[in-house]
Amino acid sequence: MGMAEHLVCPSCRSEVAMGEDKAEVLVKHKELVTLKTALSLGDKATIDNNAYVVIGLMQMEEVGEEESSLWTEYLLYSLAAGFLWLVDSGEENWQKTSVLNEIPEDKAGNAYLQGKRWDRKWAYQGRVLYAVGAFNWRVKIGDTNFIVDYTNGADTLTSEQNANEINWSLSTPISGSLIRQLFGKKQPAKEEILNKPLSATQKIIKWLSITLWVVNI
């Protein structure tokens, strides 16, 4: 299942690499604003009968578009089931995403997985605008991946490639209303902001708690 290897402090924005016996500060972001998000570090939910906690979050943008689209990715961890991603594209558009251990087959530009054909739909670049929490790889502001989405019905198969590797993931849609229900969040009016920002003290407490929890996995 692995463990988190990289932390970004929600309070001071320091990047910390977690080793077997030490934590090393890599870089400190001095002027990074706090992002208002639907979920927060430390939020908990039971999904598919497994208990998860939010340990990291990133805001991403599509590179090269005049009206850049934004989305937020949340990394969840379960002692029983490992890592899971939730992706918020705005409004009620959420995806539940799992990283694949197998590589789909490419045929004539489309992808084939588990006997199903996935049609190539979109190709674009995504860039990290904001990141806090714990991750199982080193995340840096400005990191850019080349992303290709393939669809089969409502589900999406995605490849993300950088200079070092390519990863595949499978996403299924999940409603924002259900997400709020699972995490015990208020069901707001459409114009409301889903979360109020945590105080600095709350952020530090949550970050330290998650750090200690991850190190002891």
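This is a predicted model: local features need pLDDT of at least 70, side-chain atom pairs count only at pLDDT 80 or more; totals for chains, interfaces and linings use all residues.
View 1. Buried means under 20% relative accessible area, exposed means over 50%, and partly exposed lies in between, with a 1.4 Å probe and protein chains only. Thr 37 sits in the loop between β3 (23-28) and β4 (44-47). Strands (E, at least two residues) and helices (H or I, at least four) are DSSP runs, numbered from the N terminus. A polar atom of the Thr 37 side chain lies 2.5 Å from the backbone oxygen of Leu 39. A polar contact is a pair of N or O atoms within 3.5 Å; within protein, one must be able to donate a hydrogen and the other to accept it, and residues adjacent in sequence count only if both atoms are side-chain atoms.

**View 2. Tyr 74 has neighbours in several parts of the chain.** Leaving aside residues up to four places away in sequence, Tyr 74 touches Thr 37, Ala 38, Leu 39, Val 54, Gly 56, Leu 57, Leu 84, Trp 85, Leu 86, Asp 88 and Trp 94. Contact means heavy atoms within 4.5 Å. In β6 (70-78), Tyr 74 is the bridge partner of Leu 57. In β7, the partner of Tyr 74 is Leu 86.

**View 3. Strand β6 pairs with β5 and with β7.** β5 and β6 run antiparallel, joined by 8 bridges. β6 and β7 also run antiparallel, with 7 bridges. Two strands pair if DSSP finds at least two bridges between them. A hairpin of 3 residues connects β6 to β7. Strand β6 is mostly covered, with 8 of its 9 residues buried.

**View 4. The largest nonpolar core has 18 residues.** Leu 39, Tyr 74, Leu 76, Leu 86, Trp 94 and Phe 183 have the most contacts inside this core. β4, β5 (50-63), β6, β7 (82-88) and β11 each supply at least two of its residues. β5 gives the most, with 3 residues. A second, separate core of 16 residues includes Val 53, Leu 75, Val 87 and Phe 135. A nonpolar core is a set of buried Ala, Val, Leu, Ile, Met, Phe, Trp, Tyr and Cys residues joined through side-chain atoms within 4.5 Å.

**View 5. Trp 122 is partly exposed.** Its relative accessibility is 46%. Trp 122 lies in strand β11 (residues 116-135). Not counting residues up to four places away in sequence, Trp 122 touches Ile 147, Val 148, Asp 149 and Thr 151. Trp 122 and Thr 158 are 36 residues apart in sequence, yet 9.5 Å apart in space, C-alpha to C-alpha.

**View 6. Strand β14 pairs with β8 and with β13.** β8 (residues 93-99) and β14 (residues 166-175) are antiparallel over 7 bridges. Asn 93 stands opposite Ser 175 in β14. β13 (residues 155-161) and β14 run antiparallel too, through 6 bridges. Thr 158 has Ser 169 of β14 as its bridge partner. β13 and β14 form a hairpin, with 4 residues between them.

**Notes.** Residues are numbered from 1 along each chain as its sequence is written, and side-chain values use heavy atoms, with hydrogens and water left out. Local features need pLDDT of at least 70, side-chain atom pairs count only at pLDDT 80 or more, and totals for chains, interfaces and linings use all residues.
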